[in-house]
Amino acid sequence: MSGDRDAAAATQPLESDRELVGIVAVADNGVIGRDGDMPWHVPADLQHFKEATMGHPVVMGRVTYEGILETLGEPLPGRTTVVLTSRNLETPAGAVVAHDLESALERAERAANERHDDADRIFVAGGATVYEQFLPALDRLIVTEIHDDPEGDVAFPEWDRSEWGVVSRDDRDGFSFLEYVRRD
Ligand SMILES: NC(=O)c1ccc[n+]([C@@H]2O[C@H](COP(=O)([O-])OP(=O)(O)OC[C@H]3O[C@@H](n4cnc5c(N)ncnc54)[C@H](OP(=O)(O)O)[C@@H]3O)[C@@H](O)[C@H]2O)c1
């Protein structure tokens, strides 16, 4: 993250009338990515992500977006992807570009209104740089804990769990679905 981005995040509190929801799969050692992809293949987690985010705007960083394009050949179907980037990217239908956090939220709000039947949530889907910048503004965190310690090159940022309460937990074989809500 550049110094300018740090400064922008510090001086402009991000606000939305909609619930801002972070969604992440994170290993026990904090790893979330390796070589532009996730270091595990957990189909139930991909399904969980799909069910949570379907019909909503999803904000993500350019690296994560490009990884999805490489895998799916298109942006996430049934959702509007808001891609944070400093570049002038050409995007196919279903994706829009934003050059800073505030414009990303504006674009997500517009997509919620115009394309997703006034959807009440905006998802923040990583990667690490984007989680880090949005974390102070998130209302809810949907976390899949992957019970493994894989090698990786990207980790979820430090977060203060005392600021969050667990509202649901579903333990599966090798992973757990948790949901946290920010305490008042
Ligand atoms: N486990 C999970 O749930 C999960 C979820 C998402 C991603 N991941 C993994 O995380 C890794 C990618 O994460 P990452 O942190 O390296 O990259 P990233 O956050 O996906 O993308 C970083 C890029 O986003 C753009 N960006 C970020 N903040 C910006 C801002 N405020 N204004 C303008 N542009 C901004 C910049 O793009 P430009 O360089 O174009 O300016 C930056 O280089 C991959 O391995 C991916 O698979 C894992």
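Trainee: In what order do the strands of the open sheet stand?
Mentor: The open sheet has eight strands in the order β5-β4-β3-β6-β1-β7-β10-β9, and their pairing is mixed. Two strands pair if DSSP finds at least two bridges between them. Strands (E, at least two residues) and helices (H or I, at least four residues) are DSSP runs, numbered from the N terminus.

Trainee: Which strands stand at the edges?
Mentor: Those are β5 (95-98) and β9 (164-171). Each has a single partner strand, so one side of each is left without a neighbour in the sheet.

Trainee: And what is the average twist?
Mentor: From one strand to the next, the twist averages 25 degrees. Axes here are lines fitted to C-alpha atoms, for helices over the stretch in contact, and angles run from 0 to 180 degrees between N-to-C directions.

Trainee: Before we go on, what kind of model is this?
Mentor: This is a predicted model, in which local features need pLDDT of at least 70 and side-chain atom pairs count only at pLDDT 80 or more, while totals for chains, interfaces and linings use all residues. Residues are numbered from 1 along each chain as its sequence is written, and side-chain values use heavy atoms, with hydrogens and water left out.

Trainee: Which way does β1 run against β6, and what about β7?
Mentor: β1 and β6 run parallel and are joined by four bridges. In that pair, E19 stands opposite R121 of β6. β1 also pairs in the parallel sense with β7 (residues 140-146), over seven bridges. There, V26 stands opposite E145 of β7.

Trainee: What about β3 and β6?
Mentor: β3 (residues 57-61) and β6 (residues 121-124) form a parallel pair over two bridges. V59 stands opposite V124 in β6.

Trainee: New topic: the ligand. How many residues surround it?
Mentor: The ligand is surrounded by 30 residues, and the closest are A25, T64, T85, S86 and T129. A residue is near a molecule or strand if one of its heavy atoms lies within 4 Å of it. By class, this shell has 13 nonpolar, 11 polar and six charged residues. Ala, Val, Leu, Ile, Met, Phe, Trp, Tyr, Cys and Pro count as nonpolar, Asp, Glu, Lys and Arg as charged, and the others, Gly among them, as polar.

Trainee: Which polar atoms of the protein lie by the ligand?
Mentor: A polar backbone atom of I32 is 3.0 Å from a nitrogen atom of the ligand. A backbone N or O atom of G36 lies 3.4 Å from a ligand oxygen atom. For R87, a polar side-chain atom lies 3.4 Å from an oxygen atom of the ligand.

Trainee: How much of the ligand does the protein cover?
Mentor: The protein covers 88% of the 930 Å² of accessible area that the ligand has on its own. Accessible areas come from the Shrake-Rupley method with a 1.4 Å probe; for residues, only the protein chains shown count as cover.

Trainee: Which elements give two or more residues to that shell?
Mentor: They are β1 (19-27), β2 (31-33), α3 (62-72) and α5 (128-134). The largest share, five residues, comes from α5.

Trainee: Where is the cis peptide bond?
Mentor: It joins G126 and G127, with omega at about -5 degrees. G127 lies in the loop between β6 and α5.

Trainee: And D35, is it buried or exposed?
Mentor: D35 counts as exposed, because its relative accessibility is 68%. It sits in the loop between β2 and α2 (43-53). Although D35 is not a glycine, it has a positive phi of about 50 degrees.

Trainee: What is phi of D117?
Mentor: Phi of D117 is near 55 degrees, a positive value in a residue other than glycine. D117 lies in the loop between α4 and β6. Its relative accessibility is 74%, so D117 counts as exposed.

Terms used
A polar contact is a pair of N or O atoms within 3.5 Å; within protein, one must be able to donate a hydrogen and the other to accept it, and residues adjacent in sequence count only if both atoms are side-chain atoms. Buried means under 20% relative accessible area, exposed over 50%, partly exposed in between (1.4 Å probe, protein chains only).
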